[in-house]
Amino acid sequence: MQQIPSVDLRDFLSDDPARKQKFVNEIGKAYEEIGFVALKGHFLDDQLVGELYEEVRNFFNLPLETKAKYEIPGIGGQRGYVSFGKEHAKGRSAGDLKEFWHFGQYVSKGSKWEGEYPDNVIVEELPKFNEVGEKAYQMLEKTGVYVLRALALHIGLDEFYFDNYIKDGNSILRPIHYPPITDDPQDGAVRAAAHGDINLITLLMGAQGKGLQVQNHEGQWIDAIAQDDELMINVGDMLSRHTNNKLKSTIHQVVNPPRELWGTSRFSIPFFMHPVSDMNLDCLPQCIDENNPKLYEDITAGDFLNERLVELGLIKK
């Protein structure tokens, strides 16, 4: 496969069973073959997207000492600010050339998960930053619910199989700033080294220019460029594991721009959709047969996440 397929969520949301099935077939095929799709018809409107980018730029333009006061020790970067070069890909020591922010779950009142997650961090200098971030979080989460419903049908599960696992799930909205590159990067550092995502699915804003690349099954790197009205959505390792690798978590990276563009910033905003921590990621029986034996040991989402945060250098053993 040489390019990322495009699908339209409005097909799945329509009252026409044939259009709904068409979407299920298209997204299922794409996730079995390449693990990425470009999605139209999502719940983010242009005004909200514009407001979010404005607030994100405003935050990253704050002085470093101001941003630094929002870097919260002891929580593995799960909320607030993570400074430049702190995170690295699994198996690498060179830090990625990025700084980022984390918005986390807005837990339902009375939920058993209320005390599980760190509080979201309020930026005092920017009165709209947290409000706009919360709205975007909710619209991306809503989009992800329907994508997972389609994938449940594709696998042969009940359409609403994932709903209870992702309600109050440990999902993260991560605005990322890749600053201008001023010197030759050390140790081959790139904006985001080759990696697979940890979670169920990732919904990415900001893939409209070159930079994001996806590795196909032949080992070739393909540019993943979305249209202005599209989100790029990919399978994460949790979903790949749960489906016994029927749905593919594809290795991807963000490469450095050509030297003549080193002086430019890049912004992207992924939404990492996680389940609640006690979800079992055991390989589904629907995805195991004599030609596809079980590939993975049983593990919960919480234990798997903890393992990966250690590997990424965000928490200590």
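This is a predicted model: local features need pLDDT of at least 70, side-chain atom pairs count only at pLDDT 80 or more; totals for chains, interfaces and linings use all residues.

Select helices H2 and H5 and show side chains where they meet. On the H2 side you'll find Lys 20, Phe 23, Val 24, Ile 27, Gly 28, Lys 29, Tyr 31 and Glu 32. Facing them from H5 are Val 147, Ala 150, Leu 151, Leu 153 and His 154.

Now switch to a cartoon view of the two helices. H2 covers residues 17-33, and its axis sits 9 Å from that of H5, at an angle of about 85°. Because angles from 65 to 115 degrees count that way, H2 is roughly perpendicular to H5.

Next, keep H5 (residues 129-155) on screen and bring in H3 (residues 46-60). How do these two cross? Their axes come within 9 Å and cross at roughly 135°, which makes H3 oblique to H5. The crossing of H3 past H5 is left-handed. For the contact itself, select Leu 48, Glu 51, Leu 52, Glu 55, Val 56 and Phe 59 in H3, plus Phe 129, Val 132, Gly 133, Lys 135, Ala 136 and Met 139 in H5. By class, that set has eight nonpolar residues, one polar and three charged.

Stay on H3 and click Asn 58, which belongs to this helix. Is Asn 58 buried or partly exposed? Its relative accessibility is 31%, so Asn 58 counts as partly exposed.

Now jump to Lys 67, in helix H4 (residues 64-68). Is this lysine buried or exposed? Lys 67 has a relative accessible area of 5%, so with the cut-off for burial at under 20%, Lys 67 is buried.

Finally, zoom out to the whole protein chain. There are eight helices and 13 strands to pick out. Of the 317 residues, 54% are buried. Among contacts with a separation of 6 or more, 78% join residues 24 or more positions apart.

Notes
Residues are numbered from 1 along each chain as its sequence is written. Side-chain values use heavy atoms; hydrogens and water are left out. Helices (H or I, at least four residues) and strands (E, at least two) are DSSP runs, numbered from the N terminus. Buried means under 20% relative accessible area, exposed over 50%, partly exposed in between (1.4 Å probe, protein chains only). Axes are lines fitted to C-alpha atoms, for helices over the stretch in contact, and angles run from 0 to 180 degrees between N-to-C directions. Angles under 35 degrees count as roughly parallel, over 145 as roughly antiparallel, 65 to 115 as roughly perpendicular and the rest as oblique. A crossing is left-handed if the near helix is turned anticlockwise from the far one by less than a right angle, and right-handed if clockwise. Contact means heavy atoms within 4.5 Å. Ala, Val, Leu, Ile, Met, Phe, Trp, Tyr, Cys and Pro count as nonpolar, Asp, Glu, Lys and Arg as charged, and the others, Gly among them, as polar.
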